[in-house]
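This report describes the arrangement of a protein chain and the DNA strands modelled with it. The sequence and structure are shown first, and the description follows.

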Amino acid sequence: MNKATDFFWVTLMKWFNKNQRSYPWRFSDDPYHILIAEFLLQQTHVRKVESIYHLMLTTFPTIEKLAGSPESKVVDIITPIGLTYRAERLKKTAQTILTSYNGKVPVYYDELIKLSGVGDYIANAVLCYGYLQRTIPIDTNVIRLFCRYFGLTSDNPRPRTDKLLASRIREHFLPELQYKEANLAVLDFAGLICTANRPKCFECNLNDQCLYNNK
DNA sequence: GTCCAGTTGC
DNA sequence: GCAACCGGAC
(Lines give C-alpha, C1' and ligand atoms only; values in the text may rest on other atoms or scores of the structure.)
Protein backbone atom coordinates (compact mmCIF):
# COMPACT_ATOMS: atom_id res chain seq x y z
CA MET A 1 0.00 0.00 0.00
CA ASN A 2 1.37 3.42 -0.87
CA LYS A 3 1.91 6.26 1.53
CA ALA A 4 -1.15 8.30 0.59
CA THR A 5 -3.46 5.32 1.05
CA ASP A 6 -1.78 4.49 4.31
CA PHE A 7 -2.28 8.03 5.61
CA PHE A 8 -5.91 7.91 4.55
CA TRP A 9 -6.64 4.77 6.55
CA VAL A 10 -4.66 5.75 9.62
CA THR A 11 -6.41 9.11 9.81
CA LEU A 12 -9.82 7.64 9.10
CA MET A 13 -9.46 4.98 11.79
CA LYS A 14 -8.36 7.60 14.27
CA TRP A 15 -11.56 9.50 13.57
CA PHE A 16 -13.60 6.31 13.77
CA ASN A 17 -12.28 5.38 17.20
CA LYS A 18 -13.79 8.57 18.60
CA ASN A 19 -16.87 9.04 16.46
CA GLN A 20 -18.25 5.67 15.46
CA ARG A 21 -22.00 5.24 15.47
CA SER A 22 -23.75 2.52 17.37
CA TYR A 23 -26.38 0.34 15.72
CA PRO A 24 -27.90 -2.88 17.01
CA TRP A 25 -26.79 -4.99 14.03
CA ARG A 26 -23.20 -4.04 14.72
CA PHE A 27 -23.30 -6.02 17.94
CA SER A 28 -24.09 -9.24 16.11
CA ASP A 29 -22.08 -11.42 13.82
CA ASP A 30 -24.96 -13.79 13.23
CA PRO A 31 -25.22 -13.98 9.43
CA TYR A 32 -29.02 -14.06 9.67
CA HIS A 33 -29.07 -10.79 11.59
CA ILE A 34 -26.71 -9.25 9.10
CA LEU A 35 -28.85 -10.45 6.21
CA ILE A 36 -31.97 -8.88 7.73
CA ALA A 37 -30.18 -5.61 8.45
CA GLU A 38 -28.76 -5.32 4.95
CA PHE A 39 -32.11 -6.11 3.35
CA LEU A 40 -33.69 -3.30 5.33
CA LEU A 41 -30.83 -0.87 4.74
CA GLN A 42 -30.87 -0.90 0.96
CA GLN A 43 -31.80 2.51 -0.42
CA THR A 44 -33.08 3.38 3.01
CA HIS A 45 -31.74 5.83 5.58
CA VAL A 46 -30.23 4.11 8.62
CA ARG A 47 -32.40 6.16 10.97
CA LYS A 48 -35.56 4.56 9.69
CA VAL A 49 -34.12 1.06 9.80
CA GLU A 50 -33.19 1.44 13.44
CA SER A 51 -36.83 1.69 14.37
CA ILE A 52 -37.94 -1.58 12.79
CA TYR A 53 -34.86 -3.81 12.93
CA HIS A 54 -35.68 -4.88 16.45
CA LEU A 55 -39.30 -5.60 15.59
CA MET A 56 -38.21 -7.72 12.62
CA LEU A 57 -35.95 -9.89 14.74
CA THR A 58 -38.37 -10.30 17.62
CA THR A 59 -41.14 -11.24 15.20
CA PHE A 60 -38.90 -13.52 13.14
CA PRO A 61 -36.13 -14.61 15.52
CA THR A 62 -35.03 -17.44 13.24
CA ILE A 63 -34.89 -18.26 9.55
CA GLU A 64 -37.49 -20.96 10.15
CA LYS A 65 -39.91 -18.41 11.62
CA LEU A 66 -39.44 -16.05 8.72
CA ALA A 67 -39.82 -18.81 6.14
CA GLY A 68 -43.01 -20.03 7.81
CA SER A 69 -44.75 -16.70 8.30
CA PRO A 70 -47.20 -15.11 5.88
CA GLU A 71 -45.64 -12.52 3.59
CA SER A 72 -48.26 -10.01 4.71
CA LYS A 73 -46.81 -10.08 8.20
CA VAL A 74 -43.46 -8.96 6.82
CA VAL A 75 -45.16 -6.30 4.71
CA ASP A 76 -46.88 -4.90 7.79
CA ILE A 77 -43.54 -4.41 9.49
CA ILE A 78 -41.61 -2.85 6.64
CA THR A 79 -44.34 -0.67 5.14
CA PRO A 80 -43.11 2.41 7.03
CA ILE A 81 -39.72 2.24 5.29
CA GLY A 82 -40.96 1.66 1.74
CA LEU A 83 -39.82 -0.77 -0.97
CA THR A 84 -42.24 -3.38 0.35
CA TYR A 85 -41.37 -5.83 -2.43
CA ARG A 86 -38.51 -6.67 -0.09
CA ALA A 87 -41.00 -8.68 1.96
CA GLU A 88 -41.48 -11.24 -0.81
CA ARG A 89 -37.75 -11.50 -1.41
CA LEU A 90 -37.01 -11.85 2.30
CA LYS A 91 -39.44 -14.69 2.72
CA LYS A 92 -38.33 -16.41 -0.46
CA THR A 93 -34.70 -16.19 0.61
CA ALA A 94 -35.50 -17.60 4.04
CA GLN A 95 -37.27 -20.54 2.37
CA THR A 96 -34.37 -21.16 0.02
CA ILE A 97 -31.88 -21.14 2.89
CA LEU A 98 -34.08 -23.55 4.81
CA THR A 99 -34.57 -26.03 2.00
CA SER A 100 -31.33 -25.77 0.03
CA TYR A 101 -28.78 -24.83 2.68
CA ASN A 102 -30.04 -26.70 5.71
CA GLY A 103 -31.14 -23.48 7.41
CA LYS A 104 -27.67 -21.97 7.39
CA VAL A 105 -26.91 -18.74 5.54
CA PRO A 106 -24.52 -19.67 2.70
CA VAL A 107 -20.82 -18.92 3.22
CA TYR A 108 -19.94 -18.58 -0.45
CA TYR A 109 -20.41 -15.53 -2.61
CA ASP A 110 -21.66 -17.57 -5.55
CA GLU A 111 -24.40 -19.08 -3.41
CA LEU A 112 -25.36 -15.87 -1.66
CA ILE A 113 -25.76 -13.94 -4.88
CA LYS A 114 -28.33 -16.45 -6.12
CA LEU A 115 -30.69 -15.69 -3.26
CA SER A 116 -33.68 -13.53 -4.08
CA GLY A 117 -32.96 -9.91 -3.27
CA VAL A 118 -29.27 -10.51 -2.60
CA GLY A 119 -26.87 -8.73 -4.92
CA ASP A 120 -23.17 -7.95 -4.88
CA TYR A 121 -23.38 -5.59 -1.94
CA ILE A 122 -25.41 -7.75 0.44
CA ALA A 123 -23.40 -10.84 -0.44
CA ASN A 124 -20.18 -9.06 0.49
CA ALA A 125 -21.75 -7.53 3.60
CA VAL A 126 -22.79 -10.96 4.88
CA LEU A 127 -19.30 -12.31 4.23
CA CYS A 128 -17.61 -9.35 5.88
CA TYR A 129 -19.85 -8.72 8.89
CA GLY A 130 -21.37 -12.16 9.34
CA TYR A 131 -18.48 -14.44 8.46
CA LEU A 132 -15.62 -12.03 9.15
CA GLN A 133 -14.10 -12.58 5.75
CA ARG A 134 -11.61 -10.29 4.10
CA THR A 135 -13.83 -8.44 1.68
CA ILE A 136 -15.43 -5.05 1.38
CA PRO A 137 -19.04 -4.35 0.46
CA ILE A 138 -18.96 -1.40 -1.89
CA ASP A 139 -21.94 0.90 -1.65
CA THR A 140 -22.75 4.50 -2.44
CA ASN A 141 -20.79 5.73 0.60
CA VAL A 142 -17.60 3.91 -0.31
CA ILE A 143 -17.80 5.16 -3.87
CA ARG A 144 -18.46 8.76 -2.86
CA LEU A 145 -15.68 8.94 -0.28
CA PHE A 146 -13.02 7.33 -2.48
CA CYS A 147 -13.99 9.31 -5.56
CA ARG A 148 -13.76 12.56 -3.67
CA TYR A 149 -10.63 11.91 -1.66
CA PHE A 150 -8.54 10.20 -4.32
CA GLY A 151 -10.10 12.03 -7.24
CA LEU A 152 -11.34 8.87 -8.92
CA THR A 153 -13.62 9.44 -11.85
CA SER A 154 -16.22 7.42 -13.66
CA ASP A 155 -17.70 7.53 -17.13
CA ASN A 156 -20.90 6.31 -15.59
CA PRO A 157 -23.40 9.05 -14.74
CA ARG A 158 -24.20 7.07 -11.60
CA PRO A 159 -20.73 6.22 -10.25
CA ARG A 160 -22.16 4.08 -7.47
CA THR A 161 -23.20 1.50 -10.06
CA ASP A 162 -19.82 1.52 -11.84
CA LYS A 163 -18.36 -1.98 -11.56
CA LEU A 164 -14.99 -0.90 -12.94
CA LEU A 165 -14.71 1.73 -10.24
CA ALA A 166 -15.55 -0.84 -7.57
CA SER A 167 -12.86 -3.21 -8.80
CA ARG A 168 -10.31 -0.39 -8.88
CA ILE A 169 -11.12 0.44 -5.27
CA ARG A 170 -10.87 -3.21 -4.25
CA GLU A 171 -7.56 -3.49 -6.03
CA HIS A 172 -5.78 -0.34 -4.90
CA PHE A 173 -7.25 1.17 -1.77
CA LEU A 174 -8.17 -1.56 0.69
CA PRO A 175 -6.67 -1.69 4.16
CA GLU A 176 -4.63 -4.73 5.04
CA LEU A 177 -6.17 -5.32 8.44
CA GLN A 178 -9.38 -4.75 10.34
CA TYR A 179 -11.65 -5.13 7.37
CA LYS A 180 -14.83 -4.96 9.35
CA GLU A 181 -13.84 -1.87 11.29
CA ALA A 182 -12.47 -0.20 8.18
CA ASN A 183 -15.76 -0.73 6.36
CA LEU A 184 -17.75 0.67 9.24
CA ALA A 185 -15.38 3.63 9.43
CA VAL A 186 -16.08 4.48 5.80
CA LEU A 187 -19.82 4.23 6.33
CA ASP A 188 -19.80 6.43 9.42
CA PHE A 189 -17.44 8.97 7.96
CA ALA A 190 -19.39 9.19 4.72
CA GLY A 191 -22.65 9.44 6.63
CA LEU A 192 -21.54 12.10 9.10
CA ILE A 193 -18.79 14.13 7.41
CA CYS A 194 -18.42 13.30 3.73
CA THR A 195 -22.16 13.51 3.10
CA ALA A 196 -23.77 13.51 -0.33
CA ASN A 197 -25.08 17.05 0.10
CA ARG A 198 -23.06 19.77 1.78
CA PRO A 199 -20.14 17.68 2.97
CA LYS A 200 -18.62 19.08 6.14
CA CYS A 201 -15.16 19.69 4.73
CA PHE A 202 -14.51 22.36 7.37
CA GLU A 203 -14.53 19.78 10.14
CA CYS A 204 -12.98 16.94 8.14
CA ASN A 205 -9.62 15.74 9.42
CA LEU A 206 -8.77 14.41 5.97
CA ASN A 207 -9.34 17.70 4.16
CA ASP A 208 -5.60 18.47 3.78
CA GLN A 209 -4.99 15.76 1.24
CA CYS A 210 -8.50 15.47 -0.18
CA LEU A 211 -8.68 16.23 -3.88
CA TYR A 212 -12.34 17.22 -3.62
CA ASN A 213 -11.66 19.81 -0.92
CA ASN A 214 -8.62 21.18 -2.73
CA LYS A 215 -10.04 21.31 -6.21
C1' DG B 1 -36.18 18.10 -6.16
C1' DT B 2 -32.43 14.73 -4.34
C1' DC B 3 -30.83 11.15 -1.69
C1' DC B 4 -30.74 6.80 0.79
C1' DA B 5 -25.74 0.27 3.80
C1' DG B 6 -29.25 -1.81 -3.86
C1' DT B 7 -31.52 -5.23 -6.72
C1' DT B 8 -34.17 -6.62 -10.38
C1' DG B 9 -36.15 -7.17 -14.95
C1' DC B 10 -36.93 -5.05 -19.18
C1' DG C 1 -26.74 -0.60 -19.12
C1' DC C 2 -30.66 1.68 -17.00
C1' DA C 3 -35.16 3.08 -14.99
C1' DA C 4 -38.27 1.72 -11.42
C1' DC C 5 -39.16 0.74 -6.87
C1' DC C 6 -40.95 3.40 -1.70
C1' DG C 7 -41.40 6.68 1.95
C1' DG C 8 -39.46 10.20 4.56
C1' DA C 9 -35.71 13.66 5.57
C1' DC C 10 -33.47 17.70 4.08
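Which residue with a positive phi follows α8? The residue is L132, and its phi is near 50°. The model discussed here is predicted.

## Domains of chain A

The domain assignment divides chain A into domain 1 (3-21 + 135-203) and domain 2 (30-130). Their C-alpha centres lie 25 Å apart. Domain 1 contributes 8 residues to the contact and domain 2 contributes 6 residues. On the side of domain 1 that touches domain 2, the residues comprise 4 nonpolar, 2 polar and 2 charged.

An unreviewed UniProt entry lists residues 40-192 under "domain: HhH-GPD". In the model this span is 63% helix and 0% strand, and its end C-alpha atoms lie 20 Å apart.

## The nonpolar core

The largest nonpolar core has 56 residues. Within this core, I36, L40, V126, L145 and F189 have the most contacts. Helix α2 gives the most to the core, with 8 residues. Because domain 1 and domain 2 both supply residues, the core lies between them.

I36 is in contact with M56 and L57, leaving aside its neighbours within four places in sequence.

## Helix α8 and N124

Helix α8 is largely enclosed by the rest of the structure, because 9 of its 11 residues are buried. The buried residues are I122, A123, N124, A125, V126, L127, C128, Y129 and G130. V126 is also among the core residues with the most contacts. The cover over the buried residues of α8 includes α2, α7 (109-112) and α11.

N124 lies in this helix. It counts as buried because it has 23 C-beta neighbours inside 10 Å, where the threshold is 20 or more. Not counting residues up to four places away in sequence, N124 touches T135, I136 and P137. N124 and I136 are 12 residues apart in sequence, and their C-alpha atoms are 6.3 Å apart in space.

By class, the surface near DNA strand B has 9 nonpolar, 12 polar and 5 charged residues.

The residues around DNA strand C are Q43, T44, H45, P80, G82, L83, T84, Y85 and N156. This surface has 3 nonpolar and 6 polar residues, with no charged residues.

## Positive phi in loops

Most residues other than glycine have a negative phi. Two loop residues with positive values are described here.

L83, one of the residues around DNA strand C, has a phi near 45°. Its place is in the loop between α5 (71-78) and α6 (85-100). L83 counts as partly exposed because it has 14 C-beta neighbours inside 10 Å.

N102 has a phi near 60° and is found in the loop between α6 and α7. With 7 C-beta neighbours inside 10 Å, N102 counts as exposed.

Note on methods. Residues are numbered from 1 along each chain as its sequence is written. Chains are lettered from A and ligands numbered from 1 in the order in which they are written. This is a predicted model: local features need pLDDT of at least 70, side-chain atom pairs count only at pLDDT 80 or more; totals for chains, interfaces and linings use all residues. Ala, Val, Leu, Ile, Met, Phe, Trp, Tyr, Cys and Pro count as nonpolar, Asp, Glu, Lys and Arg as charged, and the others, Gly among them, as polar. Domain bounds come from an automatic or database domain assignment. Two residues are in contact if their C-beta atoms, placed from the backbone, lie within 7 Å. Helices (H or I, at least four residues) and strands (E, at least two) are DSSP runs, numbered from the N terminus. A residue is buried if 20 or more other C-beta atoms lie within 10 Å of its own, exposed if 12 or fewer, and partly exposed in between; C-beta atoms are placed from the backbone. A residue is near a molecule or strand if its C-beta atom, placed from the backbone, lies within 6 Å of it. UniProt positions are given in the numbering used here, feature names are shortened, and annotations may be inferred rather than shown by experiment. A nonpolar core is a set of buried Ala, Val, Leu, Ile, Met, Phe, Trp, Tyr and Cys residues joined through C-beta atoms within 7 Å.
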